[in-house]
Amino acid sequence: MSGKQEIKIIQETFDINAIYARRVFASVNISNFLEEARQIITSKPKPFVKWVGGKRQLLKQFRLLDLYPPDEFDPEKARYFEPFVGGGAVFFDLLPRKAYLSDLNFELVTTYNVIKNDVEKLITSLKKQKYNKEYYLKIRSKNPERLSDLQIATRFIFLNRAGFNGMYRVNSKGGFNVPFGKYENPLICDEKNLRKVSKALQNVEIKHQDYKFVLKKAKKRDFIYFDPPYHPVSKTAAFTSYTSQGFGEKEQIELRDTFLKLHKRGCFVMLSNSDAPFINKIYSEIKKYGVRINKVEAGRAINSKASGRGKITEILVTNY
Ligand SMILES: C[S@@+](CC[C@H](N)C(=O)[O-])C[C@H]1O[C@@H](n2cnc3c(N)ncnc32)[C@H](O)[C@@H]1O
């Protein structure tokens with residue numbers, strides 16, 4: 001028996017994606033599957049950083065539109081790529097067995113790798129952090145280039161938890177410049193989750209590199225999710241300061257061309273961006289190859305015809 005019905009029950013009961021539901025089903029006893037599934041799902045790791053542009057709240061909309069994950073993607077045979085990983089909301093949602101993650105933010109990538117390889121030392125180090133403004137400013141002023149990997153990861157998580165709104169923003173010289181957060185009692189060291197994340201990363205390669213590396217690695221039937229810095233909807237709304245290099249029109253076009261190459265290779269490709277005229281234009285140019293532009297609204301899914309003036313929509317481009 002394939003367990004199709006049980007997988008569907010797991011998926012609906014816990015409101016999770018089909019791929020993860022299949023994986024959960026594979027590790028439970030059929031006689032007690034729902035209770036065992038509950039235990040696995042409630043102890044699932046979650047993103048360890050707050051990240052601007054994080055996709056957690058939109059994932060459900062992607063699923064309702066039946067665009068995520070791609071039906072035909074088989075994580076037992078093919079690999080998952082997230083080349084603009086940030087907080088990794090989609091990676092943590094799917095939890096694929098074999099994945100390649102990367103980002104151009106060096107401190108973020110170092111932190112992923114320290115969690116993967118040295119989580120106990122990181123937990124000990126995080127527990128020593130103090131939550132007050134003076135200490136925050138002292139840690140913020142350190143130059144990450146002079147720190148060890150463990151210190152970079154400690155500083156990165158500490159600043160993300162203690163800084164204003166969990167933002168990551170750097171100036172043109174790459175200096176972190178987010179103000180102190182003034183929270184009641186922030187959880188600087190979520191040790192349980194860090195250990196789970198570490199376990200989940202054991203089969204994962206995480207590198208500091210440009211998203212284009214994916215062209216060297218991805219093969220037919222692999223699944224690639226691109227979540228680049230969004231194109232500004234208006235000239236004043238720009239937020240592209242995750243790294244000291246920006247992501248302008250030229251970069252968006254190069255990314256579109258990368259999308260098309262992967263499509264022609266037979267990969268499953270999904271891409272998020274803002275619903276800006278420029279982005280619609282460049283992806284409309286490749287519709288003739290079978291690429292689709294879908295509109296997603298936070299809180300509600302709408303189809304590609306509804307334009308909904310005044311509502312904040314994003315686009316989800318897919319080739320399947
Ligand atoms: C919109 S965020 C990704 C958010 C992520 N999906 C999440 O859920 O948290 C974009 C990410 O792209 C990274 N980035 C910017 N330019 C890049 C490039 N050329 N190659 C790879 N990553 C890049 C940024 O550091 C940032 O983490």
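Visitor: In this predicted model, in which hand does H6 pass H9 in their crossing?
Guide: The two helices concerned are H6 and H9, the latter spanning residues 191-200. Their axes come within 8 Å of each other. The crossing in which H6 passes H9 is left-handed.

Visitor: Are H6 and H9 roughly parallel or roughly antiparallel to each other?
Guide: The axes of H6 and H9 cross at roughly 160 degrees. Angles over 145 degrees count as roughly antiparallel. H6 and H9 are therefore roughly antiparallel.

Visitor: How many residues in the contact of H6 with H9 are nonpolar?
Guide: On the H6 side the contact is made by Ile-115, Lys-116, Val-119, Leu-122 and Ile-123. H9 brings Glu-191, Leu-194, Arg-195, Val-197 and Ser-198. By class, 3 of the contact residues are charged and 1 is polar, while the nonpolar ones number 6.

Visitor: How are H6 and H8 placed, roughly parallel or roughly perpendicular to each other?
Guide: H6 covers residues 106-127 and H8 covers residues 149-162. Their axes come within 8 Å and cross at roughly 90 degrees. Angles of 65 to 115 degrees count as roughly perpendicular. H6 and H8 are therefore roughly perpendicular.

Visitor: What number of nonpolar residues does the contact of H6 with H8 have?
Guide: Residues of H6 in this contact include Leu-108, Val-114, Ile-115 and Leu-122. Those of H8 include Leu-150, Ile-152, Phe-156 and Ile-157. The contact of H6 with H8 has 4 charged and 4 polar residues, and its nonpolar count is 11.

Visitor: Is H11 roughly parallel or roughly antiparallel to H12?
Guide: H11 is made of residues 249-265 and H12 of residues 277-284, with their axes 10 Å apart. The two pack at an angle of about 30 degrees. Angles under 35 degrees count as roughly parallel. That makes the relation of H11 to H12 roughly parallel.

Visitor: Which residues in H12 meet H11?
Guide: H11 passes H12 in a right-handed crossing. From H11, the residues in contact are Glu-249, Gln-252, Ile-253 and Arg-256. Their partners in H12 are Phe-278, Ile-279, Ile-282 and Tyr-283.

Visitor: How far apart do the C-alpha centres of domain 1 and domain 3 lie?
Guide: Domain 1 takes in residues 1-44, and domain 3 takes in 119-193. Domain 2 is made of 49-104, 209-234 and 248-318. Between the C-alpha centres of domain 1 and domain 3 the distance is 36 Å.

Visitor: What is the phi of Asp-66?
Guide: Asp-66 is found in the loop between H4 and E1. Although Asp-66 is not a glycine, its phi is positive, at about 60 degrees.

Methods:
Residues numbered from 1 in each chain as written. Predicted model: local features only at pLDDT ≥ 70, side-chain atom pairs only at ≥ 80, totals over all residues. Axes fitted to C-alpha atoms, helices over the stretch in contact; angles between N-to-C directions. Helix = DSSP H or I, 4+ residues; strand = E, 2+ residues; numbered from the N terminus. Contact = placed C-beta atoms within 7 Å. Nonpolar A, V, L, I, M, F, W, Y, C, P; charged D, E, K, R; others polar. Left-handed = near helix turned anticlockwise from the far one by under 90°. Domains from an automatic or database assignment.
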